[in-house]
Amino acid sequence: MPKLTIDGKTIEVAKGTTLLEAAQQLGVYIPRYCYHPRLSVSGNCRMCLVEVEKAPKLVTACSTEAAEGMTVRTDSEKVKAARKDVLEFLLINHPLDCPICDQAGECGLQDYYMEYSLKKSRFSREDKVRRGKRRPLGPNLVLDNERCILCTRCVRFCAEVTKTSELEVMERADHSFIDLKEGKALDNGYTLNIADICPVGAWTSRDFRFKQRVWFLKKTPTVCLGCATGCQIEAHHNDNTIYRIMPRPNAETNTWLCDQGRMTYKAVQAGDRLSKGVIRNGVIDLEPALREAATRIDAAHSAAAVAVLGSPWLSVEDNAALARLAKDAIKTESFCFDLAAEQGIKDGILINKDAAPNTAGVALVKAAHGGISLGELASRLASGKIKVLVTEARAAAFLKPVLASAKPLLIVFATNRAQIPPEAYATLAYASYFETPGTFVNYQGLRRTTEPAVNAREGVKPLWTLVSKLAAYSGASLKLDSPEDALKGIDFK
Amino acid sequence: MENILLRDNVADLEGYFACGGYKPLKKALTAGPAAVIEEVKKSGLRGRGGAGFPAGLKWSFIPRDAQGPRYLVCNADEGEPGTFKDRELMIKNPHALIEGMAIAAFAIGASHGYIYIRGEFFAETEILEKAIAAARAKGFIGKNILGSGFNFELFVHRGAGAYICGEETALLESLEGFKGQPRLKPPFPAVKGLFGGPTIINNVETLAAVPAIIEHGGDWYAAIGVGKSTGTKLFCVSGPVNKPGVYELPLGVPFKDFLEKNCGGMKEGKKLKAVIPGGSSTPVLTAAEAMAVKLDYESLAAAGSMLGSGAVIIIDESQCMVKLLQVLARFYHHESCGQCTPCREGCGWIEKILNRLEAGKGSVKDIDTLYSVADSMLGRTICPLADAMAMPAMSFVTKFRSEFEAHAAGKCCE
Amino acid sequence: MPFLTDEFKEKAARLCAKYPRKDAALIPLLLELQKEKGFVAEDAMDALAKFLELPYARVKGVVTFYTMFNREPVGKYHLQVCRNISCHMAGAPDILAHLKGKLGIAEGETTRDGLFTLSTVECLGACGAAPVMQVNDDYFESLTVEKLNTVLDDLKHGRLRARGL
């Protein structure tokens, strides 16, 4: 456990801790470009040079291990001069096209220039090295090699995280540049992380480019519902529109985010987003749609003729509300929250074998409320005893073969038209989890709650409130006034 | 005195053998690794590639308890402008290198050795390969060398055109099949080098001196030369002298004598203007400074330059210092590996300023910028290539500023 | 026909055996490929990457890093004129100018008959015999314009076969 002093403050750190990390622990920020906590140390940018007593030269804080008795200065004149010089070097061949650069506002060059340099350029414009600009590389990224500072974070990401090694620095000296095989798309399922870790505007997201200046964006911490991994994310939005999803690195689940997860926000503002009810193919207001659904449930003659199926795409609250609907309003025994699925990371990075976000949460609802197995529900449907099935649109697929033959009247909840199964009779629109809070349990058993980033469209309500209304139309009160009410009896442990 | 390295009639195994070759290897194998290292330490032999680090000390850096294979690598990537001594040595006396490597490998416990030779040296590669094959046939290389139980395999590995591979960790990267980009240190190669194993990298000339040290003893070698600059050194002289070439001399010879006696003086009676004493990356000396200096590590350091690789570049009055620095800057710009910022950007910047000055389109401000850019590269990079650009740049500007100013004023030369 | 010949693969196996990891043979193998074809083409990099089980980008990165790899076909004789400090002082600019004039090509170009490609290179490590030019694998030293003319003539008429051809 070496003890060292950084800028006059003493700290004891674990063996193997670098000066940069030790400083961070003390709250001393050392500027860096090539260093990334999740990638190997490259030491190429030279931005993190610090002064170590008795060392003949400045050393890179990212690669130098803390040693007993070390005295480090990150604020000496020597260090300040080095930072200024490194920034000048990084900027001489940079195009300085900030006004048309999407990185502006979150650019390492801009930020550090303001913080550590403010030096006038001594480099003549005509001497600048020209490189390739605006090259779309794969479905998600654009590469501007002129803005690149060759920190190699992207190269290391592809070598060390996705292990696909598509990228490499080609050529040498100041005419070197990042490239991949000609004609090949950069598409390894995690490419947008490259835009995140690129400290400058070299790699930008094709999806996000020019949609919004970053300083207008508000950030809401939430959870990715793209699969059972349940990555922590941040939704970036403005004026009630989401513009991008970024990972919220955490020790438990994720540093990165997959490209698929990044795109989950699109459904929220997609053209097929539902805000009303649908009866067969006709759109009607939500209230009459709810009334129609309730009427159909009542018309099933007996409670036993109605079945309710939970959904791993819904929050614990919404699943619990559905369980309550079955038990306390319809009073049917034919409800099922038995949706076990194989879980685990399937690609060695983040993507889960279970494509649904809340299989584990549904299991908690089952533990609290009971119900029948999926097989039993299928056979009850097959027997023809069940006339009405209430479920979430995507969950209907669990019963797909039997739905086609048994043809129950299908009432589903959906956010987007694309989700609606062809067999659906009534569809009820509900608020997406970017618009309403919901509790999810990921494959590790970690409980995570979404936080609304945007407001749902007028009239679009959380699913549990629709359930509560359905019950009311059938003459029962579930006493659900808040999402917490729905969680009563659920044991998260 | 008699040459230790550059000898005649030892190019083939028979000739080398006739002069007592490979006897030191036998002596070393009998004496044991510790005794060999001790002898080399005693000799004061210092790295002949440029840095001048004591060879015996370097060898002792391999951790005693290191597991797994160890490697010995010979740096024959001779590419520092002005330097051509290793080439001559490999042609004239390849077995001294091979024997030196076998002894060094034995001393450090290396089972495998590689000679990393620059790719352009095609003929020299053939010479080495033939010599190794001959040595192998006689049991000097390979399994159970001379019945000692010591195994040592030796291979020649060609580079493919990159000056940076002369830097020892870039060389290791290249030898492993990567781009020659220097590694961060620590860890140093003696701890974690080639293929992750403890590795010692020595220059051709350093290794070739080892057999003689073992044969005659460290004290004998240390008695040659002056002070901490022991032994003989190969000096390769280029430029307008009557007899350019490679000379083996005891360290500490006055430059003046070297120029007049060995090099046959200036060509066509030209007047000496400047000397780059140790390869293109060492600070330039004015004629007056050069004529007063002795050719050894300490004297050249005291004069503000370095012994470097022993590449003495003679510059006469007819040469334009701005043009020559431009030539050097073009080289360093071309050879910067591009890995770390100050070197990647600085070398190009310096060349561009010099292009402008050389074309008569520069200004006095450019001269100051040139100096300050070089200064801000110094000591801030992963490897010394940035320094190798910065040191000549700063010394050229400081010592020959009037020529730069003349260029800034649009005069000079043509 | 597979891109890598059996003969090449045999040689490759021998080269790889020199190292504990076969990818260490990447550069020697690229030099071998270049010897066969005169340059390293995209498909050569591809084939070699697959052969050594390496990412293509690693191979391409290496090829673009080292100056000895020709990425385009070169003439039968690749004239590489050193222009570094010692050669410069010894008249390399004149040598280069003479070659340009005589061959009617600029640096980096090949004569129409495919005989000569002209390049400039940095220090060849033969400064004592400046100015120096490398032709394929051979050095030609202490050049003068007269000597150069003889060399060119001899090469043209196949009287002086450069090594490796």
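Started with helix α12 of chain A, residues 463–473; 8 of its 11 residues are buried, and I note the helix as mostly covered. Buried here means under 20% relative accessible area with a 1.4 Å probe, protein chains only. Helices are DSSP runs of H or I, at least four residues, and strands are E runs of at least two, numbered from the N terminus.

This is a predicted model: local features need pLDDT of at least 70, side-chain atom pairs pLDDT 80 or more, while totals for chains, interfaces and linings use all residues. Residues are numbered from 1 along each chain as its sequence is written, chains are lettered from A in the order written, and side-chain values use heavy atoms, without hydrogens and water.

I listed the buried residues of α12(A); among them are A:Trp464, A:Leu466 and A:Val467. Their cover includes α7, α8, β19, β20 and α13 of chain A. After α12(A) I found A:Gly475 with a positive phi, near 85 degrees.

Next, the interface of chain A and chain C. I find 9 residues of chain A in contact (heavy atoms within 4.5 Å) with 12 of chain C. The buried area is about 890 Å², and carbon and sulfur atoms give 56% of it. That is accessible area (1.4 Å probe) lost on putting the two parts together, summed over both. On the chain A side, A:Glu171, A:Arg172 and A:Lys181 lose the most, together 58% of what that side buries.

I looked up salt bridges (Lys or Arg side-chain nitrogen within 4 Å of an Asp or Glu carboxyl oxygen). The rule finds 2 across this interface. A:Lys181 pairs with C:Asp46 in a salt bridge, closest N and O atoms 2.7 Å apart.

Terms used
Buried means under 20% relative accessible area, exposed over 50%, partly exposed in between (1.4 Å probe, protein chains only).
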